[in-house]
Amino acid sequence: MKILVATEKPFAKVAVDGIRKEVEAAGMELALLEKYTEKAQLLDAVATADALIIRSDKVDAEVLAAAPNLKIVVRAGAGYDNVDLAAATAAGVCVMNTPGQNSNAVAELVFGLLVYAVRNFYNGTSGTELKGKKLGIHAYGNVGRNVARIARGFGMEIYAYDAYAPAEVMEKDGVKPLASVEELYATADVVSVHIPATAETRQSINEALLAHLPKGAVVVNTARKEVIDEPGLVRFLEARPDVKYVTDIRPDNHEEMMEKFAARYFATPKKMGAQTAEANINAGIAAARQIVGYLLHGDEKFRVNK
Ligand code: 3PG
């Protein structure tokens, strides 16, 4: 059995070593395709793969068609919007993610971005502190929970809105659940976005929702660029020179954002949230174990396409 790790943005070497150990201990073979630049390279590499470990790499119908032996794809990470689930199901391929394995890394980056933003991007002028400010966590999943844990250390007042998570889960963490997303945006000095990109959430953070933000608010997005209505964000920031936007996912209109809002906008050049040795090890090894469990024992825990 051949397990292919196909990562345009590679894991830390120590994580790849850990994946190799898991795969070889199960009597399987590891193949690596890292830093590829063309889809054709992925199409070639999957031709002989029985299983695939990916990150944000796109697995669409064409990739699945080029992989006749493929039985399972594991997205080493949380969001699986990069995998065509319907095409995978049609091809008889199991798709899994590794929930929670990289969430602390993403949550820590939220605060890296936030401190940078509230200190005016270290431009020498007086900024503000996070202590005593109201934090609004938009979706209370694995990352949201870690953000709440760290925010307590900063002395923030913590609020969250999640259409699916029960209020008791938030309350147990000392987080105040709010009844609507509008209320969250109206309450928070800082909004941290953690919604997945789905048909329902795409472009849902729009001008009308952002208009609820109080004066001097900061929005930090370490989730997906697709959840932002980018033209709406531009219109909003034009109307509201007091608001800052910082993100780990460069918007499609990055150049326009830089041109118009350089003093209150920042995007990491490459998505860095899950780019720690620890997160790479956790997610990569979990992916390898899930593949071995599925191929040898039919274990379907964490399957996301039914
Ligand atoms: C995730 O969904 O797990 C994160 O967005 C991390 O994505 P990455 O593995 O491409 O860094």
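This is a predicted model: local features need pLDDT of at least 70, side-chain atom pairs count only at pLDDT 80 or more; totals for chains, interfaces and linings use all residues.
View 1. Strand S6 covers residues 134-138 and strand S9 covers residues 190-193. The two strands run parallel and are joined by 4 bridges.

**View 2. The open sheet of 7 strands.** Strands S6 and S9 belong to an open sheet with parallel pairing. Its order is S8-S7-S6-S9-S10-S11-S12. Strand S8 (176-177) and strand S12 (265-267) are the edge strands, and each of them pairs on one side only.

View 3. The ligand sits in the largest pocket. Around the ligand are Lys9, Arg55, Ser56, Arg75, Gly77, Ala78, Gly79, Asn102, Arg224, Lys271 and Ala274. By residue class, this shell is made up of 5 charged, 4 polar and 2 nonpolar residues.

View 4. For Ala78, a polar backbone atom is 2.6 Å from an oxygen atom of the ligand. Gly79 places a backbone N or O atom 2.8 Å from a ligand oxygen atom. The ligand taken alone exposes 320 Å², and the protein buries 94% of that area.

Notes. Residues are numbered from 1 along each chain as its sequence is written. Side-chain values use heavy atoms; hydrogens and water are left out. A residue is near a molecule or strand if one of its heavy atoms lies within 4 Å of it. A polar contact is a pair of N or O atoms within 3.5 Å; within protein, one must be able to donate a hydrogen and the other to accept it, and residues adjacent in sequence count only if both atoms are side-chain atoms. Accessible areas come from the Shrake-Rupley method with a 1.4 Å probe; for residues, only the protein chains shown count as cover. On a 1 Å grid over the protein atoms alone, a cavity is a set of points where a 1.4 Å probe fits but cannot get out, and a pocket is an open set with protein on both sides within 12 Å along at least five of seven lines; lining residues have an atom within 4 Å of a point. A molecule sits in a cavity or pocket if more than half of its atoms lie within 2 Å of its grid points. Ala, Val, Leu, Ile, Met, Phe, Trp, Tyr, Cys and Pro count as nonpolar, Asp, Glu, Lys and Arg as charged, and the others, Gly among them, as polar. Two strands pair if DSSP finds at least two bridges between them.
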